[in-house]
Amino acid sequence: VAAVRPGITGAQADAAAREPIAAAGYGPAFLHRTGHGIGLDGHEEPYLVAGNDRPLDAGMAFSIEPGIYLAGRHGARIEDIVVCTTDGVQRLNTTPTELIAL
């Protein structure tokens with residue numbers, strides 16, 4: 001989410017989400033794109049995925065939803081809905097995101 005700002009591409013946003021996951025050793029378990037546009041359709045541009053060189057513009061709304069999936073064991077995905085603003089990003093989710101161990 002912190003990497004979002006006008007002018008970065010969908011590919012750059014995807015790479016920013018993948019870097020910490022890969023650094024933690026889970027790169028191969030991140031099996032899908034980082035996110036997609038939210039609008040009239042459920043999944044639409046801008047796609048946050050490798051190879052998408054479309055720049056993000058202020059006013060675009062999209063998901064940021066990195067996930068790790070370990071085959072036969074478990075998986076997790078955290079989804080935020082954000083809007084790219086003229087000076088960065090606004091997260092529309094209001095639920096706390098810190099890890100709570102039970």
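**Entry 1: the pocket**

I sorted the lining of the largest pocket first: 14 residues are nonpolar, two are polar and two are charged. For this sorting, Ala, Val, Leu, Ile, Met, Phe, Trp, Tyr, Cys and Pro count as nonpolar, Asp, Glu, Lys and Arg as charged, and the others, Gly among them, as polar. I note that this is a predicted model, where local features need pLDDT of at least 70, side-chain atom pairs count only at pLDDT 80 or more, and totals for chains, interfaces and linings use all residues. Residues are numbered from 1 along each chain as its sequence is written, and side-chain values use heavy atoms, with hydrogens and water left out.

I looked up what a pocket is. On a 1 Å grid over the protein atoms alone, a pocket is an open set of points with protein on both sides within 12 Å along at least five of seven lines, while a cavity is a set where a 1.4 Å probe fits but cannot get out. Lining residues have an atom within 4 Å of a point. Grid points are joined across faces, edges and corners, and the volume is the space filled by probe spheres set on the points.

The largest pocket has a volume of about 410 Å³. I found 18 residues in its lining, and A17, I21, I64, P66 and I78 lie nearest the centre. Which element gives the most to this lining? Helix 1 does, with five residues. Helix 1 (10-23), strand 4 (67-70) and strand 5 (74-77) each supply at least two lining residues. Helices (H or I, at least four residues) and strands (E, at least two) are DSSP runs, numbered from the N terminus.

**Entry 2: the core**

Next I listed the largest nonpolar core. Its 10 residues are V4, I8, A13, L48, L56, M60, F62, I64, V82 and C84. A nonpolar core is a set of buried Ala, Val, Leu, Ile, Met, Phe, Trp, Tyr and Cys residues joined through side-chain atoms within 4.5 Å. Buried means under 20% relative accessible area, exposed over 50%, and partly exposed in between (1.4 Å probe, protein chains only).

F62 is in strand 3. F62 counts as buried because its relative accessibility is 0%. Leaving aside neighbours within four places in sequence, F62 is in contact (heavy atoms within 4.5 Å) with residues including V4, H36, P46, L48 and L56. F62 and G35 are 27 residues apart in sequence, yet 6.7 Å apart in space, C-alpha to C-alpha.

V4 sits in the segment before helix 1. V4 has a relative accessible area of 5%, so V4 is buried. Beyond four places in sequence, V4 is in contact with L56, F62, I64, C84, G88 and V89. V4 and V83 are 79 residues apart in sequence, and their C-alpha atoms are 8.9 Å apart.

For I8, with neighbours within four places left aside, I noted contacts with A3, A13, R54, P55 and L56.

Is T34 buried or exposed? T34 is buried, because its relative accessible area is 1%. T34 lies in the loop between helix 1 and strand 1. The side chain of T34 makes a polar contact with the side chain of D14 (2.7 Å). A polar contact is a pair of N or O atoms within 3.5 Å; within protein, one must be able to donate a hydrogen and the other to accept it, and residues adjacent in sequence count only if both atoms are side-chain atoms. Not counting residues up to four places away, T34 touches A13, D14, A17, L48, S63, I64, E65 and P66. I also checked T34 and G67, 33 residues apart along the chain: their C-alpha atoms are separated by 8.0 Å.

H36 is in strand 1 (residues 35-37). H36 has a relative accessible area of 6%, so H36 is buried. Its side chain makes a polar contact with the side chain of H43 (3.4 Å). Among the residues H36 touches beyond four places in sequence are G42, P46, Y47 and F62.

**Entry 3: two last checks**

P46 is in strand 2 (residues 44-48). A cis peptide bond joins E45 and P46, with omega about 0°.

E19 lies in helix 1. E19 counts as exposed because its relative accessibility is 54%. The C-alpha atoms of E19 and Y69, 50 residues apart along the chain, are separated by 16 Å.
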